Amino acid sequence: MVVKTHKSNQEPTKYTLTRKAGRSIIDHAPVFSPDEKSLVVIVENIVRVYCVETGDLVRTLEADTDIDALIGICFDKDGFNLYGCSRCGMLITWTLESGTVLREYKLKLDNRKVTTFDLVDSERCFITSVGKENKICLATFYLKIGVLEAEFNSKDIPYFGSVRVAIGWCNRDRFAAISNLTKFLFIQNLDKAHVHAYHSNYNEFRILDVATHHSEPAVAVVDTLGRATIFRGNLFHYQEVAREVLHWHFLPAFAVRFSTSGGYLITGGMEKVLVKWTIANLSNKAGAKDLIPRLPGIIRYIAVSHSNIAITLSNNSVVIANAQMQVHCTIVECGGLSSVARSTGGALVYQKPTGCLFMGGRPGHLQMYSTKTDKMLFTLDITQTNSIPSESKHNLIPLETEVTCAAMNSLGTWLVTSEYRHDGVLYPEERLKFWSAQTGPNSFVPFKLATCVNLSHGGSRVVSIALNSQATFCVTAGTDQKFRIWKRVQIQIFNKPKGSWYCYTACYYSSGVAQFSTSSVYNDIKKFEVKNLFEKVELPYMKAVGKKDDLILRIMNMHKETTGTQKIESVEVDSETEMGGVAISQDGSLIAAWFGCKLTLWDTHLCNMKTTLSHPALRPKGKHVQFGSHDAAHYLVCTTENCLAVFSLLSLSVKWLVRIRPTCLVADVHSNKMAIVTDENDVIVFNPHSSAPIVKQNRVLDPKTGVINVCTFVQSAKYEARLYLMRNDSEIYCLEPEQTKKGQLEVISHANLPTSNFGALLAEQQVSEVTPAQAGELEELNQDALGSGAIQQFLSAAPHMLPPVNLICTEFLEHISGQEIAEDPEVTDKSIMEVDLQSSDDDIEEVKVHEKPKTQLWTPNYEAIKKKRLKKILTTPLLREDAAGAVFGLSK
């Protein structure tokens with residue numbers, strides 16, 4: 001007897017890789033629309049339009065042709081047209097209301113790359129570009145036809161990685177103020193090419209940003225010392241300029257803007273504080289300033305309108321405040337990881353009840369990302385400490401406490417995180433935290449801290465965490481060459497049961513403890529030295545220009561770095577017993593742990609080592625290990641730097657081995673599938689039973705742009721897989737089945753559903769009449785008939801010819817319950833009656849008399865609806881996305 005499975009008669013599923021989130025929205029300054037209702041943000045080669053009041057995405061503007069990246073956008077003051085320019089010199093014009101492209105022109109730039117784009121007036125635009133000679137070229141072009149108007153070659157301005165431009169008025173002429181990370185401010189008259197000037201900053205400190213007054217001849221600059229300097233007067237002559245200095249920032253300031261009225265100056269920088277200066281001629285307000293402190297990131301850009309201020313922060317977010325300096329909206333995109341977190345690999349875990357991913361965010365935080373709406377819902381503060389302030393003389397980029405590992409059980413009820421910080425001066429900071437999920441109606445956070453263990457591994461960094469499905473015990477591995485077992489107990493606090501965790505035991509692969517007591521993490525800590533605040537320290541980054549390792553330029557592009565320049569650990573360990581990944585079997589009886597090149601198996605209850613698995617190909621050391629699930633639970637999959645191996649726990653031998661260079665390994669707890677990603681960004685989904693991959697996508701992304709270092713499975717349909725991947729630049733991708741026409745029809749029908757029950761009744765009366773259910777349809781739901789037929793077919797076969805029960809029980813139960821495969825809409829009945837909605841009522845009545853009504857696809861048949869809801873309960877999660885927002889008090 002041959003049993004035909006549910007999948008054997010279908011074609012192989014095609015998979016596609018799509019980018020979901022993680023794009024950078026902070027590379028360029030945002031722009032307010034003329035009506036101040038929208039905020040326009042550049043995201044690579046597209047433009048996003050957000051609502052100022054709510055922060056929701058309104059629409060997306062794209063170019064008709066393929067462009068590499070947009071450099072700048074500006075609104076025309078005479079209308080609602082939006083102008084943008086790409087890096088290759090493509091000039092594009094959109095209409096804000098409809099988002100259509102009006103015109104596109106390719107500017108003649110002689111293979112130069114555009115660095116800035118600004119509007120001079122309604123007819124001209126000013127563009128700076130850089131060629132192979134590394135010099136900044138200045139030119140103006142006509143907006144309507146894209147033809148060169150004038151080119152300014154009188155100034156030889158070098159390029160050092162960043163250019164800031166502002167357009168203003170002086171002596172009734174338009175001018176451009178240009179800064180290039182040097183101490184000089186260049187002024188170029190755009191109406192008279194021969195008129196130009198340059199101004200030097202006081203004390204030769206480097207100028208980082210420039211802004212111009214909207215109506216007066218005034219220019220404001222900020223420098224590496226933190227000063228804001230205002231130049232007033234005849235800007236075309238050096239000796240006819242007066243200067244006013246405003247100094248509050250003690251660290252480099254990166255952004256400055258005038259208010260639209262010109263009476264205020266807004267600055268911001270590394271202190272994560274926005275400062276609003278009063279510069280108008282008011283005796284009681286002169287020199288007064290308002291602050292917005294404790295912003296979650298370094299201020300990169302500032303945009304102003306009459307009633308709002310937009311602040312672009314280094315954590316990949318845009319904060320919108322009103323004129324009274326009160327924050328009322330925040331636009332957040334996934335990402336914002338520090339360079340250290342991106343280089344070590346951030347956390348990525350999936351919570352099934354809410355359908356959300358928990359991934360790394362800004363230092364010390366985890367972000368809650370919804371896989372259904374592709375939005376960032378919540379930011380969970382893991383470290384619960386203030387960020388370390390920068391010091392201009394000794395530590396401009398401080399080392400923050402980072403979340404090194406995170407794990408969650410399959411039910412999504414417990415989250416375990418580890419945090420670590422070691423600067424080589426003070427004793428390491430290391431904590432292990434256990435978080436319980438909050439599902440009550442009065443819960444405002446998704447997880448609440450239950451247990452915090454300080455120095456859980458004696459100050460050594462945790463490298464791997466594993467939980468069993470019920471979250472009754474946890475295993476953590478650290479660089480102290482030990483793994484510890486933690487167990488959960490119920491305690492009574494104020495007569496309420498609460499889960500608490502304690503260390504049950506510690507296991508190590510050695511007969512002595514000498515190597516642990518002599519580790520450098522305990523003995524090589526430097527003594528704390530009191531710093532002399534009055535000591536004169538040379539600060540080369542404030543004045544030096546053109547160095548390869550420019551500290552100012554590195555801070556500006558910190559969100560793009562994928563290699564950590566600071567080490568979070570300086571501990572030397574023995575490579576023979578160095579800890580790698582740990583895993584717990586599906587039934588919770590075994591623990592697998594890497595000790596160097598030896599893969600060990602431990603008994604969970606007795607806490608003793610059962611056996612050691614080794615192979616010559618597993619040297620020099622192991623990285624990841626995962627147990628199989630379901631029918632592959634007797635397999636153990638492990639990886640090293642150069643291979644992937646699958647062990648059989650029944651024979652304790654290698655079943656198959658492949659020579660690859662993996663970066664991450666993940667197992668699906670709800671199926672027998674596993675996935676692995678290589679350093680060439682090859683994504684492979686496989687089953688431990690066979691070395692033949694189920695899905696294989698070669699070089700899904702260019703390895704030069706970034707390497708995928710973490711991935712996880714999410715909930716998907718049966719016999720399919722959905723895999724979320726995160727690159728080391730914080731971009732989120734999803735490997736999912738290619739969308740079919742059936743899926744598209746389902747999405748359209750779901751989008752067009754009425755918003756209320758009353759609306760559904762109205763739609764039912766206006767479109768057609770409800771046809772009663774036929775006798776054949778009632779017979780389809782007859783459970784007894786289906787059950788008797790299935791049992792008769794099952795008993796007709798010989799017992800010794802039947803396959804194992806675990807392979808046929810699922811299909812057998814589905815057949816008894818009456819569940820069937822949904823038919824493709826393309827093969828449905830062609831004889832569906834079409835009703836012209838624009839016809840009169842008499843025509844409809846005539847059709848009803850002469851022709852028998854037929855069931856339509858959109859007819860609200862109550863029996864079919866009941867059947868569809870039963871199917872939906874089996875395929876959709878229990879907690880919907882809008883219910884998750886109500887449970888956790890989150891807003892879209």
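Start by selecting R206 and D550: both are buried, meaning under 20% relative accessible area, where exposed is over 50% and partly exposed lies in between (1.4 Å probe, protein chains only). R206 and D550 form a salt bridge, their closest N and O atoms 2.8 Å apart; the term asks for a side-chain nitrogen of Lys or Arg within 4 Å of a carboxyl oxygen of Asp or Glu.

A word on what you're viewing: this is a predicted model, where local features need pLDDT of at least 70 and side-chain atom pairs count only at pLDDT 80 or more, while totals for chains, interfaces and linings use all residues. Numbering runs from 1 along each chain as its sequence is written, and side-chain values use heavy atoms, with hydrogens and water left out.

Next, pick R164 and D209, another salt bridge, with the closest N and O atoms 3.2 Å apart. R164 is buried at 11% relative accessible area, and D209 is buried too, at 3%.

D679 is partly exposed at 28%, and R661 is partly exposed at 47%. The whole structure holds 28 salt bridges.

Last stop: N409. Is N409 buried or exposed? It's buried, with a relative accessible area of 2%. Zoom in on the N409 side chain: one of its polar atoms lies 3.0 Å from the backbone nitrogen of W414, and the side chain also reaches the backbone oxygen of S469 at 3.1 Å.

Methods:
A polar contact is a pair of N or O atoms within 3.5 Å; within protein, one must be able to donate a hydrogen and the other to accept it, and residues adjacent in sequence count only if both atoms are side-chain atoms.
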